[in-house]
Amino acid sequence: LVGEAVTSHARLSRTVTDDERSDLSPIVEELGRHVTRLREVAMGMRMVPIGQAFSRFQRVTRDLSRQLGKDVRLVTGGGETELDKRIIERLTDPLLHLVRNAVDHGMEDERTRKEAGKPAQGTVQLRAGQAGGMVNIEVSDDGKGLDDKAILRQARERGLVGNEAELTEEEIYGLIFEPGFSTVSEVSDLSGRGVGMDVVKRTIEALNGTLKVRSEHGSGTVVSLQIPLTLAIVDGLLLRIGDRHYVVPLASVDECVEFTSQDQAGENGQRLVEIRGKLVPYLDLRQLFEIKTDAPNVSQLVIVSSDDDRIGLLVEEVVGQMQAVIKALGPLYRNVEGVSGATILGTGEIALILDTPRLVNMVTTGIVGARR
């Protein structure tokens with residue numbers, strides 16, 4: 001109901017502006033303040049500490065380590081970090097799978113650990129923290145880590161990677177999220193690092209989140225999740241290209257700068273722009289979404305960031321800030337790259353909500369250029 005109130009206020013505000021009813025403007029502004037406060041209260045009621053989900057994993061770790069004959073402890077942190085309770089409900093199974101994987105196939109037995117100069121007791125850490133409008137969750141262990149050579153060999157045997165293909169370390173670790181992929185010769189009924197990991201990835205992406213893996217062979221593995229605080233309403237920046245509108249989450253926006261064709265710098269065919277002495281890659285949304293209208297002489301570049309990477313989104317106009325009530329996309333559109341949802345504007349028009357982490361990844365990994 002609060003989401004519908006936000007949408008209705010946007011429609012009312014647009015109508016008053018179009019009709020130039022200055023006598024109604026103060027009333028609409030006051031109503032907007034009330035709706036904003038009401039939204040904050042409603043969101044606060046939905047937010048619960050993620051520690052409630054963390055607590056159940058202590059017993060899982062204890063029972064599993066006893067069953068496998070390993071000495072493993074679970075250390076948690078950041079349990080006070082708050083997250084939408086609906087997101088926590090959907091996160092429980094992926095986190096459970098990651099913790100079980102860490103204990104079952106990530107951790108060595110006591111004898112092997114001692115021979116490697118490690119403490120006999122293994123440690124799995126589950127930590128959370130908030131950064132802007134996102135929550136970062138890490139599941140890490142000090143086990144044997146991922147064997148990148150074994151992963152690559154198995155991927156080539158299954159035809160997932162060509163024999164001559166050269167992959168980065170991050171790309172190799174990403175292969176464990178392929179359906180049914182595993183380097184474990186004997187898969188237990190408990191878990192297998194790689195077995196079911198495709199389900200974990202799909203769940204995280206369905207929450208508009210991202211997932212990354214870091215590992216050092218012999219030292220351990222870290223799986224990092226980045227999840228939005230809520231799937232209900234997001235503070236966004238409204239962008240326009242031709243007669244179409246798009247929304248980018250405000251939490252991921254660093255700045256907006258004016259852009260002309262003379263600002264472009266080329267390097268190996270990549271689109272780059274110089275901002276205060278640093279080259280930043282950018283993505284032309286007009287080309288990405290195949291909008292046929294002519295580009296203006298002066299455009300706007302919205303600089304967004306994800307993790308430590310920054311890119312620019314080239315648009316025609318930055319309309320302004322808005323509260324976007326997130327609507328789920330239909331089944332036919334859920335796999336569209338770079339789009340996480342939609343919202344209804346005050347005019348009744350539908351605007352797509354951009355998936356910033358996915359767009360950043362598309363540019364930094366060169367996926368966009370490859371598709372062209």
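Mentor: Let's start with a term: buried means under 20% relative accessible area, exposed over 50%, and partly exposed in between (1.4 Å probe, protein chains only). Keep in mind that this is a predicted model, where local features need pLDDT of at least 70 and side-chain atom pairs count only at pLDDT 80 or more, while totals for chains, interfaces and linings use all residues. Numbering runs from 1 along each chain as its sequence is written, and side-chain values use heavy atoms, with hydrogens and water left out.

Trainee: Okay, why does Arg39 count as buried?

Mentor: Arg39 has 11% relative accessibility; the limit is under 20%, so Arg39 counts as buried.

Trainee: And what makes Asp235 and Arg39 a salt bridge?

Mentor: A salt bridge needs a side-chain nitrogen of Lys or Arg within 4 Å of a carboxyl oxygen of Asp or Glu. For Asp235 and Arg39 the N to O distance is 2.9 Å, so the pair passes. Asp235 sits in strand β8 (residues 233-241) and Arg39 in helix α2 (residues 25-46), which puts the partners 196 residues apart.

Trainee: Which class does Asp235 fall into, with a relative accessible area of 31%?

Mentor: Partly exposed, because 31% falls in between the buried and exposed limits.

Trainee: How do you know that Arg286 and Glu316 pair up too?

Mentor: Their side chains meet at 2.8 Å, N to O, which is inside the salt-bridge limit.

Trainee: Why is helix α11 called largely enclosed?

Mentor: Because seven of the nine residues of α11 (residues 356-364) are buried. Among them are Leu359, Val360 and Met362. After α11 comes Gly366, with a positive phi near 80°. For the chain overall, buried residues make up 45% of 372.

Trainee: What makes Tyr246 and Phe289 a stacked pair?

Mentor: Rings of Phe, Tyr and Trp (its six-membered ring) pair if their centres lie within 6.5 Å; planes under 30 degrees apart count as stacked, over 60 as edge-to-face and the rest as tilted. Tyr246 and Phe289 are 4.8 Å centre to centre with 20° between the planes, so stacked it is. Tyr246 lies in strand β9 (residues 244-249) and Phe289 in the loop between α10 (285-288) and β14, so the pair ties together parts 43 residues apart in sequence. Tyr246 is buried at 3%, and Phe289 is buried at 15%. The search of the whole structure finds two aromatic pairs.

Trainee: Is Asp308 buried or exposed?

Mentor: Exposed: its relative accessibility is 77%, and the limit is over 50%. Asp308 sits in the loop between β14 (298-306) and β15 (309-315).

Trainee: What kind of surface patch do Glu170, Glu171, Asp308 and Asp309 form?

Mentor: A negative one. Patch residues have over 30% relative accessible area and no salt bridge, with like charges joined within 9 Å and nonpolar side chains (Val, Leu, Ile, Met, Phe, Trp, Tyr) within 5 Å. Asp and Glu count as negative, Lys and Arg as positive, and His and the chain ends are not counted.

Definitions and conventions:
Areas by Shrake-Rupley, 256 points an atom, 1.4 Å probe, with all protein chains shown as cover. Charge placed at Lys NZ, Arg CZ, Asp CG, Glu CD. Helix = DSSP H or I, 4+ residues; strand = E, 2+ residues; numbered from the N terminus.
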